[in-house]
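Dear colleague,

Please find below the structure that I am handing over to you, shown with its sequence. My findings follow it.

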Amino acid sequence: MGQSLEEKTAALIAKNPEFKALVEEHRLLDEKLKELDRKVYLLPDEEVERKRLQKLKLARKDKIAQILSA
């Protein structure tokens with residue numbers, strides 16, 4: 001059988017610096033979004049930043065998925 005998704009991800013992180021950077025960026029963006037989500041109310045600038053971070057996170061996720069499916 002093939003590798004599990006976790007095994008494939010771990011192997012790529014170990015041997016592919018670009019993939020490792022993508023995973024790390026995705027994790028950092030997720031942390032920043034969680035910080036914003038903890039606030040009861042977001043200022044307009046914070047809402048714009050939240051949307052920007054969401055788009056960046058999604059782009060990283062798409063790139064990670066693309067690499068994993070190859």
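Leu68 touches Leu5, Lys8, Thr9, Leu12 and Phe19, leaving aside residues up to four places away in sequence; contact here means heavy atoms within 4.5 Å. A second, separate core of 5 residues includes Leu29, Leu33, Leu42 and Leu53. A nonpolar core is a set of buried Ala, Val, Leu, Ile, Met, Phe, Trp, Tyr and Cys residues joined through side-chain atoms within 4.5 Å. Buried means under 20% relative accessible area, exposed over 50%, and partly exposed in between, with a 1.4 Å probe and protein chains only.

Please note that this is a predicted model, in which local features need pLDDT of at least 70 and side-chain atom pairs count only at pLDDT 80 or more, whereas totals for chains, interfaces and linings use all residues. Residues are numbered from 1 along each chain as its sequence is written, and side-chain values use heavy atoms, with hydrogens and water left out.

The largest nonpolar core has 6 residues: Leu12, Phe19, Leu22, Ile64, Ile67 and Leu68. Helix 3 gives the largest share of this core, 3 residues.

As to the overall fold, the chain has 3 helices and 0 strands; helices (H or I, at least four residues) and strands (E, at least two) are DSSP runs, numbered from the N terminus. The radius of gyration of the chain is 15 Å, well over the 11 Å that the globule rule gives for 70 residues, so the chain is more spread out than a compact globule. That radius is taken over C-alpha atoms, and the globule rule is 2.2 Å times the number of residues to the power 0.38. Along its principal axes, the C-alpha trace spans about 50 × 20 × 15 Å. Of the 70 residues, 23% count as buried.

Helix 2 deserves a separate paragraph. Its buried residues are Phe19, Leu22, His26, Leu29, Leu33 and Leu36. Seen down the axis of helix 2, these buried residues fall within an arc of 100°, so they line one face of the helix; the arc is that of the directions from the helix axis to the C-beta atoms. Their cover includes helix 1 (5-15) and helix 3 (44-69). At the start of helix 2, a side-chain oxygen of Asn16 comes to within 3.0 Å of the backbone nitrogen of Glu18.

With kind regards

Note on methods
A polar contact is a pair of N or O atoms within 3.5 Å; within protein, one must be able to donate a hydrogen and the other to accept it, and residues adjacent in sequence count only if both atoms are side-chain atoms.
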